[in-house]
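Please keep the sequence and the model in view while reading.

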Amino acid sequence: MAFTKVSTGVVDMSGNTGGLVIAKGTTVQQPTCDASILGSIRENTDSGVNNVQVCTSTGWQFLKEDSVPLTIDYLVVAGGGAGGGSQPGNFAGSGGGAGGVRTSFTPVSTPANYTILSTITSSTGTSYNITVGAGGAGVASAVTKGGSGANSIFDTIATATGGGGGGVGQNDNGLTGGSAGGTAPVTSTRTNSVGPTQGFRGGGGATGGANYGSGGGGGGGAQGVQGTNSKGGNGGVGFQTAITGTATYYAGGGGGGSYKPPAGATSEMGLGGLGGGGDALVRSVGEPGTNGLGGGGGAATNGDGEGGNRAGGNGGSGVVILRYPSAYALTESNNSGITRNTSTPAGLGITIDIFTCTSASTTGTVTITF
């Protein structure tokens, strides 16, 4: 075989858009690796190998590709509970509880007793089922609490429990949930959430006063605020995380209402917690929780002397967020009512996929494959 010796230390192939074809063959066919061919490269074509080899002082060695592992962080937020409705006789409902929160990504500030789950390491070709929970529905009834939110699920890895609906009218506890709904006036009892790993309790109702208030719904980061003798309690603050690259609050509790609010008395209404909690509104149905954040709905209120029932604000729908290396991509199948938003924040080398409900009132599902 004739050899052509290249005399320069650099061979410029920058203008070639193709590839360099190198020697290839089986292990049996490889030449003896000695000092005369140190640095030589070839492709080993043995079945199951097909890797490039280089001749070194210790013999033929395979070149190992250092690939980026497929690690996936996730945030799973359930749908928020609806605020409680108002009754004739001026009694206001309490705030809806926020959707439960499950995540592997360390939050900006970890709530008390919150458990951070494990990042998962996956492989290409693996499929996962995702469910994003709808928010609970507000109800215009003298006896029916606000509806609870639906669960959000990331396959078998994490399930976030829907937020509890708020209490209605007088002497009514909110429902338990990822975070619990607040309690309506004339009782100091407070409901518990499913557990401290997902959210917090709703605030209790005031026991008297001219404008005694209902409790705010529990949030993903703090308990709902107790109603006072002059004001409805604010919703609990939500859970703050920067999983998308930007610090954002999710799962704020809904605000509690107040008894006999005069027109324009906004200062007596409980405010929704940061993270999409809805405000209690004066002489109105409650403000809904924010869709895609899992916020609890605000309470409904009646004014002095008004009859009829008003519905609490609907809970906000939930969200599932995945964060993984940009070297990988995913595909969707079996999409039913899911919208996906994809971004690649500059300089982070990651992809963010945000899954939300196409319709806030309908739970959505999708299967993804890496």
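Two strands are said to pair if DSSP finds at least two bridges between them, and strands themselves are DSSP runs of E with at least two residues, just as helices are runs of H or I with at least four residues, both numbered from the N terminus. The model is predicted, and local features need pLDDT of at least 70, side-chain atom pairs count only at pLDDT 80 or more, and totals for chains, interfaces and linings use all residues. Residues are numbered from 1 along each chain as its sequence is written, and side-chain values use heavy atoms, with hydrogens and water left out.

**The chain as a whole**

- The secondary structure of the protein chain comes to 0 helices and 17 strands.
- Of its 370 residues, 49% count as buried, where buried means under 20% relative accessible area, exposed means over 50% and partly exposed lies in between (1.4 Å probe, protein chains only).
- Among contacts with a separation of 6 or more, 55% come from residues 24 or more positions apart, a contact being heavy atoms within 4.5 Å.
- The chain exposes about 15,700 Å², of which carbon and sulfur atoms supply 51%; accessible areas come from the Shrake-Rupley method with a 1.4 Å probe, and for residues only the protein chains shown count as cover.

**The sheet of S1 to S4**

- An open sheet of 4 strands has the order S1-S2-S3-S4, and its pairing is mixed.
- Strand S1 (24-25) and strand S4 (59-62) stand at the edges with a single partner strand each, so one side of each is left without a neighbour in the sheet.
- S1 and strand S2 (residues 41-44) run parallel and are joined by 2 bridges, and the bridge partner of Gly-25 in S2 is Asn-44.

**The antiparallel sheet**

- In another open sheet, 5 strands follow the order S10-S9-S8-S17-S14 with antiparallel pairing.
- Its edges are strand S10 (158-160) and strand S14 (331-336), each of which has a single partner strand, so one side of each lacks a neighbour in the sheet.
- Strand S8 (residues 127-132) and strand S17 (residues 364-369) run antiparallel and are joined by 6 bridges, with Val-132 standing opposite Gly-364 in S17.

**Nonpolar cores**

- The largest nonpolar core has 24 residues, and those with the most contacts inside it are Ile-130, Leu-322, Phe-355 and Ile-368; such a core is a set of buried Ala, Val, Leu, Ile, Met, Phe, Trp, Tyr and Cys residues joined through side-chain atoms within 4.5 Å.
- The elements that give two or more residues to this core are strand S5 (70-77), S8, S10, strand S13 (319-325), strand S16 (350-357) and S17, and S5 gives the most, with 4 residues.
- A second, separate core of 15 residues includes Leu-75, Leu-293, Ile-321 and Ile-352.

**Two buried residues**

- Thr-103 lies in strand S6 (residues 101-103) and counts as buried because its relative accessibility is 0%.
- The side chain of Thr-103 reaches the backbone nitrogen of Phe-105 at 3.1 Å.
- Not counting residues up to four places away in sequence, Thr-103 touches Tyr-74, Leu-75, Tyr-114, Ile-116, Leu-117 and Phe-239.
- Gly-93 is placed in the loop between S5 and S6, and Gly-93 is buried, with a relative accessible area of 0%.
- Gly-93 and Asn-302 are 209 residues apart in sequence and 9.4 Å apart in space, C-alpha to C-alpha.

Key
A polar contact is a pair of N or O atoms within 3.5 Å; within protein, one must be able to donate a hydrogen and the other to accept it, and residues adjacent in sequence count only if both atoms are side-chain atoms.
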